[in-house]
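I opened the notebook to record what I looked up, one entry at a time. The structure comes first, then the notes.

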2 protein chains.
Amino acid sequence: MGPIGIFDSGIGGLTVARAACDLLPNESILYFGDTAHLPYGEKSPELIRKYSTRIALHLLNSGCKAIVVACNSASSNALEQVRQAVGPSIPVIDMVNPVVESLYSGSQSSGSIGLIGTRATISSGLYSSAVNDLNSRGGASYSLKSRPTPLLASAIEEGFHNDTIPGAVLEAYLDDGYFDDVDSMILGCTHYPLVREEVIRLLPNCVDVIDPPAIIARALKTKLSELNLLSNSDDASNRFQVSDLTENFRLGAIRFFGSDIDLEEVEL
Amino acid sequence: MGPIGIFDSGIGGLTVARAACDLLPNESILYFGDTAHLPYGEKSPELIRKYSTRIALHLLNSGCKAIVVACNSASSNALEQVRQAVGPSIPVIDMVNPVVESLYSGSQSSGSIGLIGTRATISSGLYSSAVNDLNSRGGASYSLKSRPTPLLASAIEEGFHNDTIPGAVLEAYLDDGYFDDVDSMILGCTHYPLVREEVIRLLPNCVDVIDPPAIIARALKTKLSELNLLSNSDDASNRFQVSDLTENFRLGAIRFFGSDIDLEEVEL
């Protein structure tokens, strides 16, 4: 049956791996963090595609039965390329579509959706397309209000060492009230769930701040179930690979995944 | 005679290229920004060495007569490897030694030197070695007080779009008074000269905040003069290459270099 392959440019996708582990305890996970090339959020779409397909092929060649693109910059810019690279028999779960889909509450439904993410994620337009897809069903009318918050992912990583940093950065991005009239807010980067409480504090009480990793884990479970790919193994095990191993990354990984992990360096 | 090769992980080294252009108007410059792999400041020494030597060889093969490692993370971790790669006939100027050397004011001199830079720069220990070298001369006794400020470089790049960001980050790093007793402060990253005024504002008046690009340009001129490599050409021209070209980088490059430039994408 093989493990579930989950990849990100670095550490953020571990929030998704954590949610997948919690929901699917019988599944093994092979995680790959492309730390030699992180971050993806400011790189060109072409380069993000090159890096992402290379990792997807590595996960495929390592026997993975499904792939989770646990990076919004990669999901937004390289999803089709990853799907083509691994072929139609391997399900590929992205960070964008399941989250937008989860906001749909039936025909004639509507709402203003807020989105923060990297520059590569926002400028790709994939969230806009996903919202348009919702609206093409039964007269729903959702609108999207987005803003790139490119420094926030690095600020969150830096938060291990200096806890005033993420708050100062988040405030600089949100305190002008731009998002005060949205109904829901998508944390469009796998790092952001770590500052979800601060985002809630900085927005009006009525804004529903979405937690993507839990939604992605449920979408993964649904997809595996549909394809009859769920495991019932009692000896699931997880492996964590990175393309550049540093002590700083190891410390961050423990914080993101929530428990100690062994990291292995693999050059692609 | 060939151009002067100047490289950085990205955009910061353009502050050095600017200073070199101003001081040496008859020299041509070939600049390379490794934007496909930036930033270097959180990567492992081994990876920084691999990227740096590859670029140095590219500059050598492009006919450069001298190389400036205009990145403190690369200077601190890959200087010997770059020197070995290009051979003894090509002078290699780094960001660390000329700046520390400029603080020396004769035997028996002393002072407390502050340093901020990336994690890779600080943990390399190259600044400490350079200060120890000063102290081994004629009884000088300088001390070094350093702190990694890893988010600051990204915050400065982000400053093009959101001008509250660099100040908020800098304040979070400096406002505990850690550096209030130093005599001089080294801006140990090629991005930092762009926030020199804010650093001056956040430190006591008596702290001398050093401007490395001007010092590096003078060290380059001295070295070229010693080796009889100075050009007196009337048609000097500059070329700018990056390993990943984005519009965001182009806008930043204009700000860092201080005038419009043509960027060329080159895959190494």
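Where is B:P39 found? I looked in chain B and found B:P39 in the loop between β2 (29-33) and α2 (45-61). I note that I am working with a predicted model.

**Entry: cis peptide bonds**

B:L38 and B:P39 are joined by a cis peptide bond, with omega about -10 degrees. I then turned to chain A. A cis peptide bond joins A:L38 and A:P39, and omega is about -10 degrees. I placed A:P39 in the loop between β2 (29-33) and α2 of chain A.

**Entry: positive phi**

I looked up A:N228 next. Its phi is near 60 degrees, a positive value in a residue other than glycine. A:N228 sits in the loop between α10 and β9 (238-242) of chain A. Is A:N228 buried or exposed? I found 6 C-beta neighbours inside 10 Å, so A:N228 counts as exposed. The cut-off for exposed is 12 or fewer.

I found B:N228 in the loop between α10 (212-226) and β9 (238-242) of chain B. B:N228 counts as exposed because it has 6 C-beta neighbours inside 10 Å.

**Entry: domains of chain A**

I noted two parts in chain A: domain 1 (4-94 + 213-265) and domain 2 (97-211). Their C-alpha centres lie 21 Å apart. How many residues of domain 1 of chain A are in contact with domain 2 of chain A? I have 29 residues of domain 1 against 23 residues of domain 2.

I listed the elements on the domain 1 side. Those that give two or more residues are α1 (14-23), α2 (45-61), α3 (72-86), α10 (212-226) and α11 (247-257) of chain A. The largest share, five residues, comes from α10(A). By type, I sorted the domain 1 side into 15 nonpolar, nine polar and five charged residues.

**Entry: contact between the chains**

I moved on to the contact of chain A with chain B. Chain A puts in 23 residues and chain B puts in 22 residues. On the side of chain A that touches chain B, α7 (152-158) and α8 (165-174) each supply at least two residues. I saw that α8(A) gives the most, with five residues. That side of chain A divides into 11 nonpolar, seven polar and five charged residues.

**Entry: helix α8 of chain B**

I then looked at α8 (residues 165-174) in chain B. Eight of its 10 residues are buried, so the helix is largely enclosed by the rest of the structure. I wrote down the buried ones: B:I165, B:P166, B:A168, B:V169, B:L170, B:A172, B:Y173 and B:L174. What covers them? The cover includes α8 of chain A, together with β6 (141-148), α7 (152-158) and α9 (196-202) of chain B.

**Entry: nonpolar core**

Last, I looked up the largest nonpolar core, which has 175 residues. Which residues touch the most other members? I got A:I67, A:V69, A:V169, B:I67, B:V69 and B:V169. I recall B:V169 from the buried residues of α8(B).

Leaving out residues up to four places away in sequence, B:I67 touches B:G5, B:A56, B:L59, B:V82, B:V86, B:I90 and B:V92.

How values were computed. Residues numbered from 1 in each chain as written. Chains lettered and ligands numbered in written order. Predicted model: local features only at pLDDT ≥ 70, side-chain atom pairs only at ≥ 80, totals over all residues. Contact = placed C-beta atoms within 7 Å. Helix = DSSP H or I, 4+ residues; strand = E, 2+ residues; numbered from the N terminus. Nonpolar A, V, L, I, M, F, W, Y, C, P; charged D, E, K, R; others polar. Domains from an automatic or database assignment. Buried ≥ 20, exposed ≤ 12 C-beta atoms within 10 Å, placed from the backbone. Core = buried A, V, L, I, M, F, W, Y, C linked by C-beta atoms within 7 Å.
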